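Here's a quick briefing for anyone meeting this structure for the first time. Have a look, then read on.

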There are 2 protein chains.
Amino acid sequence: MTKSGVGARGGSTTGARTRERIVEAAIETLKTEGFAGASARAIARTGGFNQALVFYHFGSVNELLLAALDATSQTRMARYRDAVDGVENLGDLFRVATEIYAEDLDAGHIKVLAELMAASTTFPQLRTEIVARVEPWVRFTEEALTRHMEGSPFAQLLAPKDVAYAIVALYLGMEMLANLDDNRDRADAIFATGARFAALFESFGA
Amino acid sequence: MTKSGVGARGGSTTGARTRERIVEAAIETLKTEGFAGASARAIARTGGFNQALVFYHFGSVNELLLAALDATSQTRMARYRDAVDGVENLGDLFRVATEIYAEDLDAGHIKVLAELMAASTTFPQLRTEIVARVEPWVRFTEEALTRHMEGSPFAQLLAPKDVAYAIVALYLGMEMLANLDDNRDRADAIFATGARFAALFESFGA
DNA sequence: GTCTATACTTGGATAGAC
DNA sequence: GTCTATCCAAGTATAGAC
């Protein structure tokens with residue numbers, strides 16, 4: 001509703017840059033302080049700007065947080081798309097997924113999503129919005145799987161849609177667990193296990 | 001710190017029953033309103049008692065919420081232990097896990113944990129406490145797996161500890177996703193896929 | 001478009017009556 | 001051990017100056 005005046009010229013006005021700064025600060029605060037700590041005041045403190053700007057540019061804190069989720073999702077999706085592009089087989093897919101996931105974990109990208117998902121219990125208005133932002137990830141995973149599972153003898157056993165859903169769930173769960181004990185090793189071990197499995201699959205498929 | 005006077009006789013005084021009522025209300029509120037909605041006042045409203053009792057009996061809201069997590073964890077652990085007791089093979093294990101997980105999802109048992117895990121980002125004091133309460137679940141899963149994977153040709157490929165960690169992560173993630181879109185079907189599909197896999201494993205092992 | 005000031009609300013927590 | 005009353009801190013959101 002409340003929007004800054006970005007003209008039809010498409011140039012980035014000062015207002016648009018401020019919006020970006022606010023979104024960045026929101027992401028950072030969400031990562032380090034969690035949802036309950038991501039108040040307008042805390043976000044403003046993080047970004048070094050005025051608290052009232054949040055409401056001027058985004059109307060409410062929750063709307064800002066959704067914009068923050070949009071921003072991370074977009075950059076992360078681009079990264080994943082790019083990385084998955086050069087993949088030739090299921091083993092490669094696993095290796096690539098392992099690497100990027102390590103990035104995610106270190107940088108806390110998934111945390112933004114996880115925090116907002118948990119918060120959507122308290123703020124039902126968030127739910128629909130978040131569903132719409134999770135769905136592309138399930139679809140992306142499903143498509144990547146479909147491409148590389150075709151012809152595999154496991155294709156009949158495993159519906160890509162289900163596997164994709166499970167993988168997204170696993171990512172979320174690992175993020176939560178890893179953040180809890182500050183231990184990436186176990187997530188790494190899971191990927192290693194998955195990789196061994198993928199290798200096994202391919203030996204059957206050959 | 002602040003504790004009600006439960007005497008050495010072990011009988012349940014009125015104070016002890018009130019504690020229980022508060023814990024139950026906390027669980028209920030956490031499930032329906034989420035962490036951000038689980039204020040002392042909201043919990044008191046749910047349980048029909050006075051808000052000040054939370055502080056008298058538990059010192060702070062967060063300490064109450066941890067007590068709530070303890071309570072659900074205990075009853076759920078008992079349920080899982082009981083159900084897994086009669087299991088003879090990996091296929092059974094899957095069937096049983098599927099059934100109880102459906103209960104969890106419907107009743108929102110895991111939600112209590114998921115909400116508190118997300119909140120632990122904001123309240124670091126919660127973290128250590130929650131780690132201690134997650135660990136038994138990983139261990140329980142690991143032990144159940146170890147019992148039924150022995151002798152399987154996959155035992156060398158899959159370290160029970162890693163698989164257990166992955167399963168706990170998967171449970172958490174599925175809970176979050178299922179609550180998001182109010183759709184249990186996909187979680188069911190994942191279990192069904194897992195069951196087909198377990199059957200495949202056993203056909204190899206026989 | 002950004003800042004200051006402020007109104008309003010909710011929640012944590014305690015004191016003191018019962 | 002429970003309730004009423006209250007204090008205080010923090011947060012959302014808006015009005016109005018700049």
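The helix α8(A) gives the largest share of the lining of the largest pocket, 5 residues. Helices here are DSSP runs of H or I with at least four residues, numbered from the N terminus. This is a predicted model, where local features need pLDDT of at least 70, side-chain atom pairs count only at pLDDT 80 or more, and totals for chains, interfaces and linings use all residues. Residues are numbered from 1 along each chain as its sequence is written, chains are lettered from A in the order in which they are written, and side-chain values use heavy atoms, with hydrogens and water left out.

**The pocket**
- In all, 23 residues line the largest pocket, and K111(A), E175(A), A178(A), N179(A) and D182(A) lie nearest its centre.
- A pocket is an open set of points on a 1 Å grid over the protein atoms alone, where a 1.4 Å probe fits, with protein on both sides within 12 Å along at least five of seven lines; lining residues have an atom within 4 Å of a point.

**Around T122(A)**
- You'll find T122(A) in the loop between α6 and α7 (124-149) of chain A.
- T122(A) counts as buried because its relative accessibility is 16%, and the cut-off is under 20% relative accessible area (1.4 Å probe, protein chains only).
- A polar atom of the T122(A) side chain sits 2.6 Å from the backbone oxygen of E33(B).

**Where the chains meet**
- Chain A and chain B each put 51 residues into the contact, meaning heavy atoms within 4.5 Å.
- Between them, about 4200 Å² is buried, with 72% from carbon and sulfur atoms; that is accessible area (1.4 Å probe) lost on being put together, summed over both.

Methods
Helix = DSSP H or I, 4+ residues; strand = E, 2+ residues; numbered from the N terminus. Buried < 20%, exposed > 50% of the residue type's maximum accessible area, 1.4 Å probe, protein only. Polar contact = N/O pair within 3.5 Å; in protein donor to acceptor, adjacent residues only side chain to side chain. Buried area = accessible area lost by both parts, 1.4 Å probe.
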